[in-house]
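Visitor: Please take me through a close look at one part of this model, and then show me what else can be said of the chains around it.

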Amino acid sequence: MNVLRTFETALRGIGAHRLRSVLTTLGILFGVAAVISTVGIGQASSDTVNSRIASLGTNELTISGGSSLSGGVRGGQGSVATLTMNDVKGLSNRLDAPDISAVAPANQSSATVVNGSLNTTTTVVGSSDAWLDANNKTLANGSFFTSGNVTKHALVAVLGSTTATTLRASVGSMVTLASTPFTVVGVLQSSGGSGFSNQDDQVIIPITTQQDLIAGQGKIQRIVLTSTSAATLGSAYAEANQLLLQTHHITDSTAADFSIVSQSTFISTAQSVTNTLTLLLASIAAISLLVGGIGVMNIMLVTVTERTREIGLRKALGAKPGDILRQFLIEASTLSLIGGILGVAVAFGVGVIAPRVTSIGVDITLVPVVIAVVVAAGVGLIFGVYPAARAARLTPIEALRAE
Amino acid sequence: MSDVLLQMSGVSKVYGRGEAEVRALDGVDLVVSQGEFVAVMGASGSGKSTLMNIVGCLDVPTSGDYWFAGELVSRMTEERLAQVRNRSIGFVFQQFNLLASLTAWRNVELPLLYRHGGERKERAVSALAHVGLQDRVQHRPAQLSGGQQQRVAIARALVTDPELILADEPTGNLDSVSSQEILATLTELHRNGRTIVLITHDAAVASVATRRLGMRDGRIIDEAVAA
C-alpha cells in the first residue's frame with residue numbers, strides 16, 4: 001500500500017470518529033499553544049526589561065561601598081561606608097580620569113515628605129550639584145541646588161515630577177522632610193520610568209543636609225558617575241577602579257572594598273532572570289504537551305481495541321503488518337499535527353488578544369512555532385508506535401473473531 | 001480433468017499443549033480442482049472453521065502440507081500469506097464484515113488498496129454491478145438490507161478476480177429469501193467457472209454445491225458428489 005493511499009485511509013479513520021479526534025487534538029492543541037505563548041511572553045518581557053534598563057542610561061556607572069563581614073555572613077554591598085567625599089573629588093579629576101564626565105555621591109533612603117495636608121513616602125537622595133549630569137537628568141522647572149548649597153548644608157530640595165504632582169508642590173513650595181522644612185528649588189523633567197524603581201518619584205537634597213538628618217556624618221553609600229560617552233564606559237570603569245584601589249591602598253583587586261556596576265551588568269542579570277522564568281514556564285508547557293501525547297496514545301489504544309475487527313478484515317483482505325502499522329502511525333501523527341497547527345493558531349490569537357486585555361506582551365517568533373509543531377507531530381509518532389505495533393501484531397483470525 | 005487448485009495431505013492443526021491440547025484438524029487430505037463448487041459441512045466444533053482458516057491462508061497447519069496453486073503454503077512468511085490472500089482468495093463472511101463508515105464502493109475497493117494498480121473505483125463499481133447493486137454504490141452498509149450487504153461482500157471478494165471464493169456460512173445471518181439470492185449468486189459464479197469453497201452446517205445450503213464433504217472431529221468423513 002503506498003503512502004498516499006495510507007494517508008487517505010488514515011484520514012478517513014480520523015473522519016469516522018470526529019468527536020474523539022477533536023478531543024485528542026485538543027490535548028495537543030493546548031500543549032502547543034502553551035509552549036508558543038509562554039516562550040512569546042518570555043521573549044516580550046525580556047525585551048521590555050532590556051529597553052527599560054537601556055532607558056536608564058547606558059553610560060552610567062554606580063560604585064557601591066564594601067560589604068560588612070560578621071561571623072562569616074556577608075552583608076549587602078554598601079552596608080559598610082568605605083567611600084568618602086575624597087573619592088568623589090579624586091574621580092572628578094579630569095587628568096586622572098579623562099573618560100569620566102560627571103561624578104556625584106548618592107545616599108539613598110526612604111522618607112515621608114509632607115506638603116500641607118498631602119504626604120508621600122518616597123526615595124530621598126543626598127547628593128551634590130553634579131547629580132543632574134551624573135544621572136543624565138534635566139530640569140523641568142527652577143534650578144538645581146548649587147555647590148554653595150551643599151557646603152552650607154542648605155535646606156533645599158529638587159523633586160521628581162511624580163513626587164511634585166503627588167504633593168501638588170512647585171518651585172518655591174515648602175515641604176517637610178524628617179521634621180525639617182525644605183524649600184523646593186527645582187522639579188525634574190519626567191524620564192518615563194515606572195514600577196518599583198520609578199525615576200520620577202524621588203527627592204534630591206544636598207548630601208551634607210542628608211548626612212545631618214538621616215545618614216550620619218561623612219557617610220557615602222554610593223557614587224554615581226557618567227562616562228563621556230557610551231563608547232568610553234569601559235575605560236571610565238577602568239579609571240574609576242584604578243583610582244579607588246590607589247586611594248584605598250589596596251593592591252589585590254579581589255580584596256577591593258567597593259564594587260562598580262554598569263547598566264550592562266543589570267541588563268545581563270535581568271536577562272538571566274527572564275530567561276530562567278521563560279525556561280520554567282516553557283518546561284511546564286512542555287509537560288502539558290507530553291500529557292497531550294499520552295492522550296493520543298490512550299485514544300489510539302482505544303481505537304485499536306475498538307477496530308480490532310476492522311484490522312482483522314484488512315489483514316484477511318491482504319494488508320501486511322507494515323500496512324497496518326503505517327495506517328495507525330499516520331493516524332496518530334496526523335491527529336497530533338492537526339492539533340499542533342491549531343495550537344499555533346491559538347497561540348497567535350493569544351498574541352493578538354493578550355496585549356490588549358492585559359499588560360502582558362507576547363512576541364511570537366518562528367523558531368518556537370516550528371519546534372512546537374515538529375515536536376507535536378513527533379509526539380504523535382512516538383506515542384502512536386505502541387498502539388500501532390499492537391494493531392499490526394494481531395492475527396487476522398483472532399481479530400475477525402472479536403466482537 | 002481440470003487443474004488442481006489446492007491440495008492438502010495429512011494436514012493437522014493443534015491448539016494448546018499438553019492437557020489443554022486440542023486437535024482441531026487431524027490428518028486432512030483434500031484436493032480441490034479449478035472450477036469446482038465444494039461445500040464443507042459439519043457441526044460446530046467439527047473443525048470446519050479451522051479448515052477454512054487454513055484453506056484461506058489465514059493460518060498455517062501445525063503439520064502436513066498444503067499447496068495453493070502449486071505453492072507450499074506451510075512454508076510461507078506472514079507477508080507472502082497476506083499477498084496470496086490479497087491476490088488469489090476472495091472471502092465472504094457470515095458477519096459480512098463491511099466497514100460501517102465506508103460506502104459500498106469504498107468497501108469493495110478495500111482489497112485493491114493493498115495491491116498495485118489503478119482504476120479502483122471503476123473496478124469496484126463494476127463488481128457491484130456484477131452482483132446487481134449498481135444503484136447502491138454510494139450507500140453505507142446501514143442503509144442496505146442484510147442480503148444487499150452480503151452481496152456487497154461478494155462484490156468485494158470478486159473485485160480482485162481471485163482464483164478461489166471462500167464463503168464461511170454466507171447465509172447464516174440472512175432470511176430465507178436473501179439466502180436464496182446469495183446462493184443463486186454463488187451458483188452463477190460457479191457456472192462462470194469460478195472455484196468456490198462453501199463452509200456451512202446447513203445441508204440445504206450445501207446442496208447447491210457440486211461436491212459435498214462432511215467433517216467430524218477434525219476429519220473428513222464422507223464425500224458425496226451431486227448429480
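**The open sheet**

Guide: In chain B, 4 strands form an open sheet in the order 2-1-4-5, with antiparallel pairing; two strands pair if DSSP finds at least two bridges between them. Strands (E, at least two residues) and helices (H or I, at least four) are DSSP runs, numbered from the N terminus. The model is a predicted one, in which local features need pLDDT of at least 70, side-chain atom pairs count only at pLDDT 80 or more, and totals for chains, interfaces and linings use all residues. Residues are numbered from 1 along each chain as its sequence is written, while chains are lettered from A and ligands numbered from 1 in the order in which they are written.

The edges of the sheet are strand 2 (22-33) and strand 5 (71-72) of chain B, each of which pairs on one side only. Strand 1 (residues 4-15) and strand 4 (residues 63-68) of chain B run antiparallel and are joined by 5 bridges. In this part of the sheet, S12(B) stands opposite S63(B) of strand 4. The average pLDDT of chain B, the predictor's confidence in each residue from 0 to 100, is 90, and 97% of the residues score at least 70. For the complex, the predictor gives an ipTM of 0.91 and a pTM of 0.66.

Chain B also touches chain A: the contact takes 18 residues from chain B and 19 residues from chain A. Two residues are in contact if their C-beta atoms, placed from the backbone, lie within 7 Å. On the side of chain A, two or more residues each come from helix 1 (3-16), helix 10 (308-316), helix 11 (321-357) and helix 13 (396-401). Helix 10 of chain A gives the largest share, 6 residues. The residues on this side of chain A divide into 10 nonpolar, 2 polar and 7 charged; Ala, Val, Leu, Ile, Met, Phe, Trp, Tyr, Cys and Pro count as nonpolar, Asp, Glu, Lys and Arg as charged, and the others, Gly among them, as polar.

Chain A as a whole has 13 helices and 12 strands. Of its 403 residues, 42% are buried, a residue being buried if 20 or more other C-beta atoms lie within 10 Å of its own, exposed if 12 or fewer, and partly exposed in between, with C-beta atoms placed from the backbone. Among contacts in chain A with a separation of 6 or more, 80% are between residues 24 or more positions apart.
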